[in-house]
Amino acid sequence: MRNLEGLRGRAVAAALFLVAAFAVAAQAFDRDGLEVINRNYAALMSALEADPSGGVDAPLNAAYQLLNHGEHRPATSDSAASVRGTPDMETEDPARQGAVGKALLAPLLQKVALETGSMGHRELMEASAPSGGEVLIVKSGALTLGSLPAALQSRGWSDLLTGADGKYLLKMPLVILEDGVFVIEPGDELEMATDRGAFILNFGSLAITDALVKGSAAQPRLPDFHPFIQTARGGRAAITGSRFTGLGFDARPLMSGLSFASSPFATQKSRGVVHDNVFDDVRSVEVTGIDDFEFVRNRIQHARGIGLRLEQLKGGTIRDNVIVASGMHGILAIGSTGLDIDGNIAAENGGRGFFGRDGIGHLTVSDNVLVANREEGISIAGGSCVDIRGNAVLRNRQDGITIAQSLGIRLAGNLLVRNQGSGISINDSISPADSVEVSQNRFVANNVGLSAERFATIRLSGNNFSDQLPVLFGDALQYETPRYLGWARSNGEKPDAVFEISSARGGSPLIFQGDSTGMFRLSDMTGCHFKELD
C-alpha cells in the first residue's frame, strides 16, 4: 500500500511539473483555443466544397484566416499581376493567314524522344491510328481556333475540325511547329475526339485564354487514353483563365493532361505560365526540365494521379493554388531547385500534400495549408536547404511534417494540429555534422508532438507544446522528455534559448558514421540562407 501511495505521489508530482513546464513554454504565444482552429478549419473545408467555377479566392481567403488567427486576407490587385510575365510569344501580322499541312506522327515523336524519352509513344501511335499515322500541323504564321476551319477547308480537310460559333471538335492530332502560333480565344470551346486519338503537341507558341478544352466521352482505342496538351522542344505556352477536363493519357509520362518538357541539356528550354485555370478530372499537370515555371492561382480537383508533378526544374513559383482530392500526391517535386511553394492549399489528396524528394534543394515551402491528406502533409526525402515555415498542417492521416535523409532543414512557425502520426518527424540524417532547426512551431493534439530516429542534432527554440499533452516526444526522443521539461521551466521566458538534442547523447545510430573532421562536411557545402522570421 505504501508503495502504491508513493507511486501515486510521484505521478501527481510529475503531472504538476509537466503542467508547470508547459505553462512557462506557452506564455509567449497567441493562445487561440481549439475552438477557433476548428472553426477556421470547418470554414476552409466548406469553401473547398463550393462550386469551383467561382475560382480560388474563397478557399484562399479561408486558408489565410486559418494561418492568421481569423484575420481577413488583404485585397489583391488583378491576378494577372501576380506572375512575373508570360513567355515570349511570336508576334505575327494578324492579316497573315497561318499555314496548315499534314505530317507523319512518328518522326515528330522521334524529335520529342531525343529530349524526353520515348516511353508511351508506341501506345500513342496505336491510340491515334484512326488518323492513319498523320497529324495536322501549324507550319508557320498565326492561327486561331476560329480561323482554323477556313484554313482546313481551303485544303479540303474540313471534316477534321467540325463545329461553328466557337465550339469545335478536333478529330485528328494537332502539332504546332517551331514557327507556328496557335491561339484559343476567350469563349472558345475545343473538344478533342478521344476515339480518334486527338491531342495537341506544341513546339511553337500556344495561347489559351478564358476557354474550355476537354476530351470527348467517346470510347478510345486504348482503354486509358484521354487527349492531352504537351509543350516540348522549346515551345512556349501561356494558359490563363481556362477550364480543362477529361484529359490525360493515364500513366504515360508527359501525356498526363497539361505538360511542359525540356531536356536539361536543351539549348532552348520550353517555357510556360499557367494561372487562373481549373483542371477537373485530368491525370496530372506535369512539368519537367524547364526553368522559371509559373503556376499561380489554379485549381486542380479530382486528378486521377498526382495533382502537380515537378521534375528537374530550376527556379519557379508555385503560388496560391488549390489542389483537392488527387488520386495520389497533391504536389510532387523531384530533383528541383530554387522553387517557391507558397500560399497553396493541398487537401484530401490520396498521398502526401507536398512531397519533395531525390535531390530537391534551396526550396521554400511557406504559408501553405495542408489538410486531411491520406499520408503526410509535408514530406521531404533527400533534400537540402529546405525552409518549411508558416504552414498550417492539420488532420493528415500520418505525420504532419516528415524529414528523412536530408540536410540543412529549417522547420519554423508552423501550426501542426491533430495529425494522426507525429506533428514533426525527423529521421535518417545523412551527416553527423547536420542540424535541424525546429523553432516557433505550435503543436496541438497530434498523436505525438515531435519524434526522431537516427538523427544527428535537433535544435529546439520557441516552440509551443502547451496543447500537445500527453505525448510530447516519441521514438528516440522520448528519453529526452524530462530534460526538456526541466529546460522549458528554466528558460521559457527566454525567446532565444535553444534546447539541443544530439545523437551523441544516446540516440539511435546514424546511417552515415564517421569523424566529421575527416570527411566532406555536407552541411557546409549547401550554402543555406534562410529568411529571418518575423
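User: How many Å separate the backbone nitrogen of G383 from a polar atom of the side chain of S406?

Analyst: The model is a predicted one. S406 sits in the loop between β29 (401-404) and β30 (407-412). A polar atom of its side chain lies 3.2 Å from the backbone nitrogen of G382. For the backbone nitrogen of G383, the distance to a polar atom of the S406 side chain is 2.9 Å.

User: Is S406 buried or exposed?

Analyst: Apart from neighbours within four places in sequence, S406 is in contact with I380, A381, G382, G383, D428, I430 and D434. Its relative accessibility is 5%. Buried means under 20%, so S406 counts as buried.

User: Which elements give two or more residues to the lining of the second largest cavity?

Analyst: The second largest cavity has a volume of about 40 Å³. Its lining, which includes S406, also takes in I403, A404, Q405, I409, I426, N427, S429, D434 and V436. The elements that give two or more residues to this lining are β29 and β32 (422-427).

User: How many charged residues are in the lining of the largest cavity?

Analyst: The largest cavity, with a volume of about 50 Å³, is lined by residues including I331, I341, N344, F354 and L370. Elements giving two or more residues to that lining are β24 (345-347), β25 (354-366) and β26 (369-371). By class, the lining has 8 nonpolar residues, 3 polar residues and, for charged residues, none.

User: From which domains does the lining of the second largest pocket draw at least three residues each?

Analyst: The second largest pocket holds about 200 Å³ of space. Among the residues lining this pocket are A251, R252, R283, E286, R309, M328 and L332. The lining divides into 5 nonpolar, 3 polar and 4 charged residues. At least three of its residues come from each of domain 2 (95-304) and domain 3 (307-533).

User: How far apart in space are G246 and F228, C-alpha to C-alpha?

Analyst: G246 belongs to strand β12 (residues 243-247), and at 12% relative accessibility it counts as buried. Setting aside neighbours within four places in sequence, G246 is in contact with G215, H226, P227, D280 and D281. G246 and F228 are 18 residues apart in sequence, and their C-alpha to C-alpha distance is 8.9 Å.

Terms used
Residues are numbered from 1 along each chain as its sequence is written. This is a predicted model: local features need pLDDT of at least 70, side-chain atom pairs count only at pLDDT 80 or more; totals for chains, interfaces and linings use all residues. Side-chain values use heavy atoms; hydrogens and water are left out. Helices (H or I, at least four residues) and strands (E, at least two) are DSSP runs, numbered from the N terminus. Buried means under 20% relative accessible area, exposed over 50%, partly exposed in between (1.4 Å probe, protein chains only). A polar contact is a pair of N or O atoms within 3.5 Å; within protein, one must be able to donate a hydrogen and the other to accept it, and residues adjacent in sequence count only if both atoms are side-chain atoms. Contact means heavy atoms within 4.5 Å. On a 1 Å grid over the protein atoms alone, a cavity is a set of points where a 1.4 Å probe fits but cannot get out, and a pocket is an open set with protein on both sides within 12 Å along at least five of seven lines; lining residues have an atom within 4 Å of a point. Grid points are joined across faces, edges and corners, and a volume is the space filled by probe spheres set on the points. Ala, Val, Leu, Ile, Met, Phe, Trp, Tyr, Cys and Pro count as nonpolar, Asp, Glu, Lys and Arg as charged, and the others, Gly among them, as polar. Domain bounds come from an automatic or database domain assignment.
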